Amino acid sequence: MKTMSLTLTYISALAAGLLLLTSCATVSDEPATDSALPSPTAEDMAASEEEVSSEPGFAEVLDCPKSPIPENQLSLVNFSDYPDDEIINCFNFAVNKIAEMQTDVMMIIYPVGPILLPPGEVKDNDTIYKGPGFEPVITADQRDSMASSLESYLELACGKDAAAYHARQVSRFAELGGGQQVAASAGGSDKCAKKRWMVLSIDPDRAGPSKDLVVTFFHEVFHTVQASPGPTCNYSGAPDDDQFWIHEAGASFFGLEIAAELADLDSALVWADHMSFVSDLLGNQVISSEFEDPGIAEKGAIALRLLADRGQLVTSEVMDGSLYQKCGGQPEAFSPQNIQVAKDYWFDYSEVSEGVFRFSETALTQ
Ligand SMILES: [Zn+2]
């Protein structure tokens with residue numbers, strides 16, 4: 001079987017109307033297994049907004065300041081109602097944070113209809129992608145256009161066969177109504193591995209104001225910048241089993257920080273919101289404290305926050321992408337001792353005053 005390296009991210013749904021946070025897997029040859037995190041329902045959120053009138057205004061739409069056009073321009077295939085210029089603005093805004101963009105990116109965005117009930121994996125899925133099933137809405141012409149765009153984007157660098165294969169996979173998954181959030185590359189030669197693509201489905205919940213859309217968008221953009229974890233990107237020797245969460249954690253860390261910046265919020269507020277959400281899921285035993293899915297990216301981001309608060313991680317090198325491109329920076333950050341602390345204490349935090357979450361003294365000093 002041809003060598004393939006995919007970084008898959010997808011959402012799934014546990015129940016009607018529950019959308020999930022990013023959850024990704026890096027795989028070779030096979031698609032990732034599914035995983036899912038529920039996020040608050042619209043009703044829950046409406047209720048909490050009524051209760052807390054001082055709820056800060058989180059970023060819920062892709063509305064970014066105009067940024068200089070990066071050298072590696074985005075190729076955009078957008079069939080959603082989201083305006084192209086807003087997507088492009090936000091892509092440019094994100095990659096202008098990156099010290100040295102080393103990849104090309106094609107972004108494929110397509111709409112899906114309402115989630116199919118009961119929620120579950122896409123039916124008759126014969127693709128390498130996984131995700132929940134929604135009512136398919138894109139037309140045959142749009143699918144053909146999507147496929148031919150990806151095929152011509154990849155053909156020169158990756159070869160005819162690989163290009164045709166990946167074009168077919170993406171368009172077929174869209175045809176099935178697959179809910180998607182993924183960043184991928186075909187791997188292989190350096191030239192081919194440099195060609196990344198990112199796929200995002202916009203369902204009716206995401207089309208409206210949606211914190212999830214904003215954080216997920218930037219999470220996936222960050223994946224298009226990152227080297228794949230593995231031999232060439234082991235974070236100065238982090239054990240194999242730890243590389244994946246570090247990879248995912250970086251993408252969510254980036255997504256949360258950008259979401260704060262876009263809304264002009266102190267990032268502490270966004271972190272508090274995130275930590276509160278994850279803490280509730282832990283409390284309800286929807287997720288475990290292990291670095292595994294569901295929620296590996298969300299948990300890992302909090303672990304990076306802990307290492308940063310302990311003075312062991314320089315977050316500017318997360319945010320400018322360098323830690324995730326060179327993968328050999330900050331040799332101490334992911335030392336065995338620090339990884340152990342991250343695993344043992346990432347969830348050891350609590351609300352110290354209304355809306356303010358802090359790690360325990362033990363977590364910070366152990
Ligand atoms: Zn991810």
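How many of the five residues of strand β6 (residues 181–185) are buried? Five of the five are, so β6 is largely enclosed by the rest of the structure. Buried means that 20 or more other C-beta atoms lie within 10 Å of a residue's own; exposed means 12 or fewer, partly exposed is in between, and C-beta atoms are placed from the backbone. Strands (E, at least two residues) and helices (H or I, at least four) are DSSP runs, numbered from the N terminus.

This is a predicted model: local features need pLDDT of at least 70, side-chain atom pairs count only at pLDDT 80 or more, and totals for chains, interfaces and linings use all residues. Residues are numbered from 1 along each chain as its sequence is written.

The residues of β6 point two ways:

| Direction from β6 | Residues |
|---|---|
| One way | Q181, A183, S185 |
| The other way | V182, A184 |

Strand β7 (residues 195–202) runs antiparallel to β6, and five bridges join them. Strands pair if DSSP finds at least two bridges between them. A183 has M198 of β7 as its bridge partner.

Next, the core. The largest nonpolar core has 98 residues; I108, L150, F218 and A259 touch the most other members. Such a core is a set of buried Ala, Val, Leu, Ile, Met, Phe, Trp, Tyr and Cys residues joined through C-beta atoms within 7 Å. Helix α8 (residues 240–262) gives the largest share of this core, twelve residues.

Finally, S148 sits in helix α3 (residues 140–158). S148 is partly exposed, because 14 other C-beta atoms lie within 10 Å. Its C-alpha atom is 6.8 Å from that of A167, 19 residues apart along the chain.
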